[in-house]
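Please open the structure in a viewer and keep the selection tool at hand.

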Amino acid sequence: MKRFFNYMQGGKSVSFLYLLVLAYTVAALVWWGILLLRQSHQITTFELQNLKLRTDSLTQPVEYQIEFQRIQKDERMRSFKYLGEGLTFLGIILMGAGFVFRAVLKYMKLSRQQQNFMMAVTHELKSPIAAAKLNLETIRKHKLDEEKQTRLIENTIRETNRLDQLCNNILLAAQLETHKYQLFKEPLNISGIFEAGIKELGGRIGTHDIQASILPGVWMEGDKLMLHIVLSNLVENAAKYAPRNSTIFVKLFEENKQLKLQVIDEGPGIPDEEKERIFLKFYRVGNENTRKAKGSGLGLFLTAKIVEQHNGTIEVLDNKPSGACFEITWTNFSIQTA
């Protein structure tokens, strides 16, 4: 119920009306049962009074006892019938209320996630557009030296790349969810792909120190572009939430005949109740109005989908003393030594 009211804070009138109707229905059913039991008792009392009036006409005490037992048995049968029907109706009502509860909970949850997504996407779109527009207007209106002009152009390219990545994430999320995207799987040198990806991310993310420990010679069948997106999403997600100038660790190693990829940060970590939800579409920890980190809520959703399509599993663990550790596990791989 606590989760329900947390999701229903934006629609208190709806939740109040729902609970009011449910309480009224249950109360009406209980009152109906009480009235029927009272009616049954009144019928029994009336029949017993008639039996006493007819006692003189009954020549045998045995006949009186038989009639008396019949009246009591009828009362017990009526009570059993009324209680059985009442409990059946109550069970149906509570079952229906449970389905309604889950449906409303799911609707409110999805509505909040979509609202957060729209707010995040709006912010993600406005920021690079405004920066690119300002840079281009500055170049057009002012005569800049070659160094400043080059710096503004490079900044504009970075902002347009952000827009391109956001659009690609939205399109890819829709394709993966509807199973329209077909992976192009081929034998890949995973070690080489991750080493190149970490080098590229290190040059792009200047706010954090990225340290890598990659097991050499690891081969696996997969989609090169998709696996690069997995690494990029996890490292960029760590950079969003970890303090500036902190270290992000990327590890690829073998353990218990399993291949593991870990991306570890020194940020605030993820609460236990949020660890399963962060891989849902549009979901982001916290509220969009108070959240400082940029993002659309699609990165981890895409990562989980891609890992699933590569026959792997992903989970988030706690990093000690602080931070989060995203761990991906594969079983189908091979290690080739030189």
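In this predicted model, begin with the sheet: three strands form an open sheet in the order 1-3-8, with antiparallel pairing. Select residues 186-189 and then 334-335; these are strand 1 and strand 8, the edge strands, each of which pairs on one side only.

Now select residues 190-204. This is helix 5, which lies across strand 1 and strand 3; helix 5 runs at about 55° to strand 1.

For the next stop, select residues 146-177 (helix 4) together with residues 299-309 (helix 7). The axes of the two helices are 10 Å apart, and the helices pack at an angle of about 45°. Helix 4 and helix 7 are therefore oblique to each other. Their crossing is left-handed.

Finally, show the side chains at this contact. On helix 4, display Asn-169, Leu-172, Ala-173, Leu-176 and Glu-177; on helix 7, display Phe-301, Leu-302, Lys-305, Ile-306 and Gln-309. Colouring by class will show six nonpolar, two polar and two charged residues in the contact of helix 4 with helix 7.

Conventions
Residues are numbered from 1 along each chain as its sequence is written. This is a predicted model: local features need pLDDT of at least 70, side-chain atom pairs count only at pLDDT 80 or more; totals for chains, interfaces and linings use all residues. Side-chain values use heavy atoms; hydrogens and water are left out. Axes are lines fitted to C-alpha atoms, for helices over the stretch in contact, and angles run from 0 to 180 degrees between N-to-C directions. Helices (H or I, at least four residues) and strands (E, at least two) are DSSP runs, numbered from the N terminus. Angles under 35 degrees count as roughly parallel, over 145 as roughly antiparallel, 65 to 115 as roughly perpendicular and the rest as oblique. A crossing is left-handed if the near helix is turned anticlockwise from the far one by less than a right angle, and right-handed if clockwise. Contact means heavy atoms within 4.5 Å. Ala, Val, Leu, Ile, Met, Phe, Trp, Tyr, Cys and Pro count as nonpolar, Asp, Glu, Lys and Arg as charged, and the others, Gly among them, as polar. Two strands pair if DSSP finds at least two bridges between them.
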